[in-house]
Amino acid sequence: MSDLEQRLREEKNARLKLIVTDGVFSMDGDIAPLDKICELGDKYNALVFVDEAHATGFFGKTGRGTEEYHNIIGKVDIINSTLGKAMGGASGGYTTGPKELIDLLRQRGRPYLFSNSLPPPVVAAGIKAFDIVLNSNNLAERLRHNTKRFRDAMTKAGFTIGGSDHPICPVMLYEERLASVFADEMLGELQPHLY
Ligand SMILES: Cc1ncc(COP(=O)(O)O)c(C=O)c1O
């Protein structure tokens with residue numbers, strides 16, 4: 001955060017400043033300190049852009065993502081996310097933000113402009129997935145419950161689980177060779193059940 005502030009200070013006079021971050025980072029489930037990032041955005045007049053691929057639909061109390069987790073809903077200027085993870089595993093994604101930006105993307109976003117549109121069944125599945133998440137909190141609650149159960153039991157069994165509050169639960173072995181042997185032995189455990 002101090003590095004970010006330093007850079008914002010250096011670019012104080014830039015016409016446009018944009019802070020770009022993941023909401024949650026994929027490898028270790030690290031959660032961006034979005035509340036502090038937005039404070040810096042306000043302080044230095046910078047926009048905040050968040051990729052919510054690892055948060056949309058399940059993270060935060062009702063699955064609304066990292067903004068909700070930090071209790072700052074509405075503070076982030078631009079949110080990008082995918083329909084290809086928690087929202088159903090199909091494909092596609094979206095960007096939300098001020099109308100001017102969306103209009104600009106419709107004109108200048110090359111993959112948007114020059115690629116075929118998402119197939120209607122994918123769009124229908126995406127809409128349905130949003131309906132399910134918005135109408136009930138059961139799935140997010142169950143995931144939270146399962147995450148806690150997994151984290152607690154693994155910790156009790158002597159493993160170190162990285163990250164803190166997120167369903168990405170990295171089992172830290174701290175050594176590449178050991179991780180590789182561990183993965184092979186786990187696959188070995190799985191094989192008999194596959195056939
Ligand atoms: C942070 C992040 N954003 C976006 C994506 C990609 O989403 P899509 O498959 O919809 O392009 C990924 C995929 O792994 C990701 O990790």
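Figure 1. Two strands count as paired if DSSP finds at least two bridges between them. Strands here are DSSP runs of E with at least two residues, helices are runs of H or I with at least four, and both are numbered from the N terminus.

**Figure 2. A closer look at β1 and its neighbour β2.** Strand β2 covers residues 47–51, runs parallel to β1 and is joined to β1 by 5 bridges. Follow the residues across: T21 stands opposite V50 in β2, and V20 has F49 of β2 as its bridge partner. To get from β1 to β2, the chain passes through helix α2 (residues 34–44), making a right-handed β-α-β crossover. Right-handed means that, with the strands pointing away from the viewer, the path from the first strand over the helix to the second runs clockwise.

Figure 3. C38 is buried, at 4% relative accessible area. C169 is buried too, with a value of 17%. The cut-offs are under 20% relative accessible area for buried, over 50% for exposed, and partly exposed in between, using a 1.4 Å probe and protein chains only.

Figure 4. A salt bridge here is a side-chain nitrogen of Lys or Arg within 4 Å of a carboxyl oxygen of Asp or Glu. D103 makes one with K99, and their closest N and O atoms are 3.0 Å apart. The two residues are 4 apart in helix α4 (residues 99–108), so about one helical turn separates them. D103 is partly exposed at 35% relative accessible area, whereas K99 is exposed at 58%. In general, side chains of opposite charge can pair when their charged atoms come close.

Figure 5. E141 forms a salt bridge with R144, with 3.4 Å between the closest N and O atoms. These two are 3 residues apart in helix α7 (residues 138–156), which puts about one helical turn between them. E141 counts as partly exposed, at 40% relative accessibility, and R144 is partly exposed as well, at 34%. Further along, D152 forms a salt bridge with K148, and here the closest N and O atoms are 2.6 Å apart. D152 and K148 both belong to α7 as well, 4 residues apart, or about one turn of the helix. D152 is partly exposed at 40% relative accessibility, while K148 is exposed, with a relative accessible area of 53%. Elsewhere, salt bridges with shared partners link E5, R9 and K43 into one network. Searching the whole structure turns up 7 salt bridges.

**Figure 6. Stepping back to the whole chain.** The protein chain has 8 helices and 6 strands, and along the sequence they follow the pattern α-β-α-β-α-β-β-α-α-α-α-β-β-α. Its C-alpha trace spans about 60 × 45 × 35 Å along the principal axes. Of the 195 residues in the chain, 30% are buried. An unreviewed UniProt entry places the feature "domain: Aminotransferase class I/classII large" at residues 1–187; positions follow the numbering used here, feature names are shortened, and annotations may be inferred rather than shown by experiment. Over residues 1–187, the chain is 46% helix and 12% strand, with the end C-alpha atoms 40 Å apart.

**Notes for all views.** Residues are numbered from 1 along each chain as its sequence is written, and side-chain values use heavy atoms, leaving out hydrogens and water. Since the model is predicted, local features need pLDDT of at least 70 and side-chain atom pairs count only at pLDDT 80 or more, while totals for chains, interfaces and linings use all residues.
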